[in-house]
Amino acid sequence: MTDREEGRPLPTGGEEEGLRYGVLGPLELRRDGRPVLLTAAKWRMLLAVLLCDANKVVSTDRLVTELWGSRPPQSVSKLLQGYVSRVRRALGDDEGRLLVTHAHGYRAHGYRLVVGPDEVDAQAFTTLVEQAGRELDGGRAEAADARLAEALGLWRDAPFADVPPTPALEAEAVRLTVCHTQAREMRVEARLRQGRHEGVLDELETLVAEHPLRESLWGQLMLALYRSGRQADALASYRRLRDHLAEDLGIEPGPQVQRLHQRILTADPALLPPDAPERPPAPTLRVAATAPAVPQASPPGARVTPIAAGAPVPAVAPVPAASPPSQPAPPPPPAPAIVPRELPPAGSVFIGRADESSVLLTLLQRADRDAEGVAVAVIDGPGGVGKSALAVHIAHRVAHRFPDGQFYVDLHGATAGLTPRDPGEVLRRTLSTLGVPETAIPADTEAAAATFRSLVADRRILVVLDNAAGADQVRPLLPAGSGCAVLITSREMLTTLESATHLHLGVLFHDQAHALLERLVGTERVTAEPGAADTVVRMCGGLPLALRIVGARLAARPGWRLGAFAERLGDARGRLDEIRVGDVSVRASFHAGADALRHSRHPTDRAAVRAFRLLGAVPGPSMSLPAAAALLGVDGRRAEDALERLVDAHLLNSPAPGRYRMHDLLRLFAREQADAEEPAEERERALERFLRFHLTTARRAASFLDAPPQPAGDETEDAPAAGGPCPAPPAVPIRNRDEAEAWLEAECTNLMAAVTHAATRSGTAARLAARLTEPLHWYLYPHARARELHTLAELAVRIARRLADRRGEARGLDHLAAVYWLHGRYEETRACLEAALAVWRETGDPAGELRSLGNLADALAERELHEEAADAHRRQLALARETGDVPARITALGGLGRAHLGLGRAEDALACFEESLRHAQALGDTVLQGFALREMSLVRVAQGRNREAQDCLKRAAALGGSPAAYVRWRGHAWSAYFPSCLNLRIDGKSPDPPVF
């Protein structure tokens with residue numbers, strides 16, 4: 001059977017049809033144009049490994065090794081089954097035709113992911129690169145360039161950037177990275193063949209920095225420099241290559257590069273492109289430094305451009321009449337005016353920002369050619385993210401392209417203790433630098449701005465406006481000449497600046513942050529304590545300012561162990577105190593950003609400051625807009641206005657509409673502000689509103705899952721908090737199972753954090769947290785997420801005992817038993833269930849006792865203690881009859897039947913299943929009827945009467961039930977029989993339980 005026969009028909013339409021996989025960066029999955037989230041790391045790992053061998057069978061043994069290494073958990077088969085099921089759901093592959101199971105008999109031995117042509121971006125990337133290679137070989141450089149541009153446009157980040165590494169992923173990432181470098185080199189070659197040598201210089205400089213021993217790249221750089229009229233720089237590049245090779249490998253450059261070096265030395269004309277025009281430089285004159293900037297008389301209608309002292313004058317300017325022969329020679333002209341070179345020193349350590357640098361360098365090259373209008377780039381981002389460092393770094397790299405000057409101004413838009421600088425004051429200083437006398441500088445800001453634009457209209461200057469407060473402060477300072485460029489940094493987005501390119505700067509990736517710390521502290525110390533170094537990087541959250549402060553502290557204390565400092569950072573309450581050196585701290589940087597809103601008179605800004613504080617008072621990596629509205633106690637529109645203002649000020653990040661994130665260090669600062677400025681009663685009310693919203697929504701979501709009815713609330717859940725009314729906010733409107741799963745998946749980490757935080761509180765908040773563990777349990781359990789389940793169950797038991805909530809304690813013990821059962825720790829399972837049963841009996845709760853009895857019987861059956869399991873089911877059945885609970889009676893009869901079957905008593909088992917079927921028919925419950933029929937098929941299989949087993953299964957299928965629903969309902973090894981029975985061969989043999 002081919003992939004297309006076994007899998008679904010592959011899409012042939014546009015990009016929005018079917019499935020699309022992205023591995024060239026964070027793992028992406030799109031279904032019919034919409035992103036599908038795989039939040040669990042193991043789900044992403046599974047899909048990524050299958051994509052590495054798309055359309056090939058990957059054995060289960062290899063998948064286990066890839067996902068868990070050499071020490072898989074005891075329940076690895078069940079976990080792998082659950083992960084496969086979750087990935088299938090993400091693919092919309094309920095029938096298993098895309099993620100295909102391969103089995104020997106009834107036991108799975110591998111999986112194959114069916115992928116069509118161009119569904120994976122890596123496949124499309126490789127295809128485009130191969131096509132470009134053929135175009136280059138055929139002499140079609142322009143077509144090759146287009147193919148390569150399209151291929152490189154698919155590259156978002158390092159391959160599998162958000163997937164934990166496995167052997168297969170690391171190997172594939174290396175292969176793709178090598179291909180990416182080859183594609184960049186091919187694009188340079190294509191552009192050199194087109195005569196676009198100046199346009200590749202920055203890219204080549206980046207490439208040789210990344211690959212200093214790759215001789216072919218150095219050869220391209222030498223050729224591009226030579227063709228750009230920079231013979232000396234080309235020869236210097238050869239010397240740099242020679243130094244690298246001698247230092248690292250002890251060898252000389254290869255013969256091909258040596259020959260190119262010799263041809264550049266002799267200025268071989270054959271190295272120039274055949275159609276290269278000759279462009280001799282135009283001579284210039286300079287006005288004396290003391291000459292006033294006063295325009296001379298011009299003919300009517302002529303355009304007059306004021307020229308300041310030291311400005312270059314075109315060589316075609318009028319030449320004075322020659323002096324009479326008897327007149328002595330004029331004195332030599334005065335020294336030329338000083339060209340502004342105001343850039344601050346570039347930092348000695350600059351790490352990362354390759355993509356942002358590429359964008360900025362490409363933009364600034366426009367000003368070096370015939371661009372229309374001034375090139376303006378705005379770099380925005382939160383405080384401490386490295387905006388100024390990036391701007392200064394780029395400014396130094398392109399300074400040679402702006403020979404008429406580079407200006408730098410700190411506008412103090414977010415400087416603690418300073419007010420933003422007035423643009424008129426900045427213009428007066430700039431005009432003075434340009435040589436305009438003080439008496440000639442207009443007092444009016446608009447007139448001064450016009451004079452500035454006139455003076456630099458025909459010049460090539462670079463202006464760096466650092467730390468801008470807003471667009472109104474920046475506009476008067478912008479030049480207008482096409483040879484000019486402006487770099488602006490700001491904590492605000494300045495989106496109202498016309499024709500500007502905007503770069504939103506985020507924190508460093510982990511490897512970049514690690515490299516920065518290593519450069520600051522020293523390789524030897526980082527290598528000696530790699531785990532501690534990773535902890536320090538993580539505690540700094542990738543924020544460059546924090547890393548530089550920490551690096552400075554550690555560099556000044558060479559005797560300190562990184563591990564000891566990591567422990568100091570581990571105390572969240574004191575972390576901001578540790579990240580400071582001298583008068584520099586991240587706290588001061590954050591204060592500067594928040595103070596701008598705090599001192600504002602605008603109502604939205606004041607609401608944003610309050611929102612910032614309260615957001616810091618609750619944990620969790622992200623927050624939805626409805627949850628934030630509940631926290632703030634306002635409607636959705638007002639909450640969104642406040643949060644979006646925080647996003648504009650880079651005190652909050654919005655990765656998607658209606659979703660918000662706060663950097664960990666900013667959250668600590670916000671929590672400090674909340675503790676200092678928000679009354680304790682208001683913080684408590686906000687937390688309760690937040691928990692009530694999540695409890696209401698989580699219970700609604702759980703109602704669509706295969707979960708028992710949620711326990712009824714008590715008066716504490718709806719009671720107002722002390723200090724005033726606290727109405728329960730409305731829940732998210734969830735309408736079906738898919739929406740329930742999606743909401744729980746998106747909020748699970750936040751809910752876990754909220755429960756953990758609220759568990760330390762008292763009263764209502766703690767009770768709400770305990771109630772919230774219930775719906776979370778029923779979401780996590782089918783996915784076998786044992787670690788989170790364990791945390792929840794222990795928290796539920798701890799809270800219940802502290803609050804003397806006996807029923808809550810029993811529920812928590814019941815859930816804790818389920819976690820131990822997942823781990824195969826049956827003694828702990830039994831102990832928890834026995835303790836829960838004692839509480840249920842003490843409190844007189846037969847429904848709880850029935851549930852725990854059933855769970856105890858299942859745990860005993862799992863260990864093949866069928867007689868004890870039968871006894872537990874008999875107790876369950878008696879209690880169900882006593883209370884008149886018919887569904888519980890059906891469940892008990894099914895369990896008792898399975899116990900009989902385990903003991904070899906097939907007829908007794910059949911009698912239990914038949915009675916279970918009769919009760920289900922009396923209820924009119926087709927689902928329970930289907931379950932009973934499937935259990936009856938077990939008996940027929942055990943008796944070797946496979947045709948009758950098939951008849952039972954056909955009757956079950958006719959009722960509309962599915963084996964998958966039974967698997968979810970039962971959730972133990974016995975349920976594995978049922979899917980295999982659907983395809984049972986009539987050969988008189990009973991199958992082994994399959995592995996899925």
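In which loop does Ile-251 lie?

Tutor: In this predicted model, Ile-251 is found in the loop that connects helix H10 (231-248) with helix H11 (255-265). The relative accessible area of Ile-251 is 39%. Because buried means under 20% and exposed means over 50%, this residue counts as partly exposed. Ile-251 also belongs to a nonpolar surface patch, together with Leu-213 and Leu-249. The accessible area of these three residues together is about 240 Å².

The chain contains 42 helices and 18 strands. Among contacts with a separation of 6 or more, 67% are between residues 24 or more positions apart.

Three strands form an open sheet in the order S1-S2-S3, and the pairing is antiparallel. Strand S1 (19-22) and strand S3 (34-35) are the edge strands, each pairing on one side only. Strand S2 (residues 28-31) is joined to S3 by two bridges, and Arg-31 has Arg-34 in S3 as its bridge partner. Helix H4 (residues 76-91) packs on this sheet, where it touches S1 and S2. The direction of helix H4 makes about 50° with that of S2.

Conventions: Residues numbered from 1 in each chain as written. Predicted model: local features only at pLDDT ≥ 70, side-chain atom pairs only at ≥ 80, totals over all residues. Heavy atoms only, no water. Helix = DSSP H or I, 4+ residues; strand = E, 2+ residues; numbered from the N terminus. Contact = heavy atoms within 4.5 Å. Patch = residues over 30% accessible without salt bridge, like charges linked within 9 Å, V, L, I, M, F, W, Y side chains within 5 Å. Areas by Shrake-Rupley, 256 points an atom, 1.4 Å probe, with all protein chains shown as cover. Salt bridge = Lys/Arg side-chain N within 4 Å of Asp/Glu carboxyl O. Buried < 20%, exposed > 50% of the residue type's maximum accessible area, 1.4 Å probe, protein only. Pairing = 2+ DSSP bridges. Axes fitted to C-alpha atoms, helices over the stretch in contact; angles between N-to-C directions.
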